[in-house]
Amino acid sequence: MIVQRILKNTKWELLLFFLLTGSLTAVALYVGSIFGAVLVIDPRVWIYIIAGILVFILIIGYIAGQRIQRRLDSLHLNMLQVAKGNLSVRMPDTADQTFSGVYQEFNNMTEAVEKKMKLLQQFGEQEVIEKEQAAEKAVLEERRRLARDLHDTVSQQLFAIHMAASSLPKVLEMNEAQAEVVLDQLIQMSNMAQKQMRALIAQLRPMELVGKTLAEALDQWFPDYCRQNGLKGMKDMDLQGDLSEAKEHQLFLIVQEAMANIVKHSGAKLVSLSLREGSRQVVLSISDDGQGFSNVTQKQGSYGLTTMKERAEKLGGNVEIISKPGAGTTIRVHIPKFEDEKRG
């Protein structure tokens, strides 16, 4: 074991070779004296000769081993520095041809790594900036959307309530029956404003999908949302459970957006949600018995419909909208599936 440990160290291995060379030299001299090639008058002189050769060899071998070991230690120290992230270290020039090539290759390698790390750092900083800008843009866009929704729904309802409430005392003095009609209108408008505000608040709540599958999230969220907004909800789901996280996330957001549009604009009482997963596609269908509309581009909630289309297109899918005035609305979303989806 000791010999194996010694042989694993270059310095001691070199010293052992020097010692072996000295021993062979001493043996050669002794054999030469036996055959008369080397003449030694006093046999005791052999002790001094052999001891002198071994000591001299040990000293020379130790010095040579130390010189080589110092160069290797310097290389090892700089490699540790590079491993710790200090890419500015370089090996000095040396007259030793054996190590000069190794040192030069080390310097070339370090320079190449340093350049690549600089590029990676630049790309990383650029990505951070782009993400910050994208996040800021998304926040601004969401604020615009909320401002638009508040103006188009709750703000208008509150203005109508204010106008009706302001005129109510005069109407009450002039015509009590007409005052009751205005009061009923106030109650209906306040209920509608409350529903619209609930729909907006629901969109601002924390994401219900975190830590759950799409089916689990909808099982909890859909009936609660329908109950809070005075809707009768019917749900039919057939999911295999192998949808990617991105698909589940976008589908859940589409459902939320569609339900918010129904509450804000349709005046529906019944909502039907169907979500089925086949071998090649996922089909989401949301139908209501509301007032419907004839032109999607002129619909007051067209912003929400556009958002749903954009979410579906991100997944390579499409959105089909079927609606007629007085006949309700159906939103059907088709998302394709591929065989290597899970591996991708």
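When I speak of a contact, or say that one residue touches another, I mean that their heavy atoms lie within 4.5 Å. With that in place, let me turn to the model, which is predicted, so that local features need pLDDT of at least 70 and side-chain atom pairs count only at pLDDT 80 or more, while totals for chains, interfaces and linings use all residues. Residues are numbered from 1 along each chain as its sequence is written, and side-chain values use heavy atoms, with hydrogens and water left out.

Let me start with the overall layout. The protein chain contains eight helices and five strands, where helices (H or I, at least four residues) and strands (E, at least two) are DSSP runs numbered from the N terminus. Along the sequence these elements follow the pattern α-α-α-α-α-α-β-α-β-β-α-β-β. The chain has 344 residues, of which 31% count as buried; here buried means under 20% relative accessible area, exposed means over 50%, and partly exposed is in between, with a 1.4 Å probe and protein chains only. Among contacts between residues at least 6 apart in sequence, 67% join residues at least 24 apart. The accessible surface, computed by the Shrake-Rupley method with a 1.4 Å probe and, for residues, with only the protein chains shown counting as cover, comes to about 22200 Å², and 59% of that belongs to carbon and sulfur atoms.

Now to the interior. In soluble globular proteins, nonpolar side chains tend to be buried together. A nonpolar core, as I use the term, is a set of buried Ala, Val, Leu, Ile, Met, Phe, Trp, Tyr and Cys residues joined through side-chain atoms within 4.5 Å. The largest such core has 34 residues, and the members that touch the most others are Trp221, Val255, Met259, Leu284, Ile286 and Val333. At least two residues of this core come from each of helix H6 (214-228), H7, strand S2 (270-277), strand S3 (281-288), helix H8 (302-314) and S5. H7 gives the most, with nine residues.

What does leucine 284 touch, not counting residues up to four places away in sequence? The list is Leu251, Ile254, Val255, Leu273, Ser274, Leu275, Ile331, Arg332 and Val333. There is also a second, separate core of eight residues, which includes Leu75, Val89, Phe99 and Tyr103.

Helix H7 deserves a moment of its own. Of its 22 residues, 19 are buried. Since the expected span of a helix is 1.5 Å times one less than its number of residues, H7 (residues 245-266) should span 32 Å, and its end C-alpha atoms are 31 Å apart, which agrees. After H7 comes glycine 267, with a positive phi near 70 degrees.

Next, the charged pairs. The structure holds seven salt bridges, a salt bridge being a side-chain nitrogen of Lys or Arg within 4 Å of a carboxyl oxygen of Asp or Glu. One of them joins glutamate 111 and arginine 90 at 3.8 Å, N to O. Because glutamate 111 lies in helix H4 (residues 97-174) and arginine 90 in the loop between helix H3 (45-83) and H4, this pair ties together parts that are 21 residues apart in sequence. Glutamate 111 is partly exposed at 36% relative accessible area, and arginine 90 is partly exposed at 30%. Arg90 and Glu111 also belong, with Glu114, to a network of salt bridges.

Another bridge joins aspartate 219 and lysine 235 at 2.6 Å, N to O, and it links distant parts of the chain, with aspartate 219 in helix H6 and lysine 235 in strand S1 (residues 232-238), 16 residues apart. Within helix H6, aspartate 224 forms a salt bridge with arginine 227, the closest N and O atoms being 2.5 Å apart, and these two residues are three residues apart, about one turn of the helix. Aspartate 224 is partly exposed at 27% relative accessibility, whereas arginine 227 is exposed at 58%.

Finally, a loop. Where does proline 325 sit? Its place is in the loop between strand S4 (318-323) and strand S5 (329-336). Is proline 325 buried or exposed? At 59% relative accessibility, proline 325 counts as exposed. Leaving aside neighbours within four places in sequence, proline 325 is in contact with Gln291, Gly292, Phe293 and Ser294.
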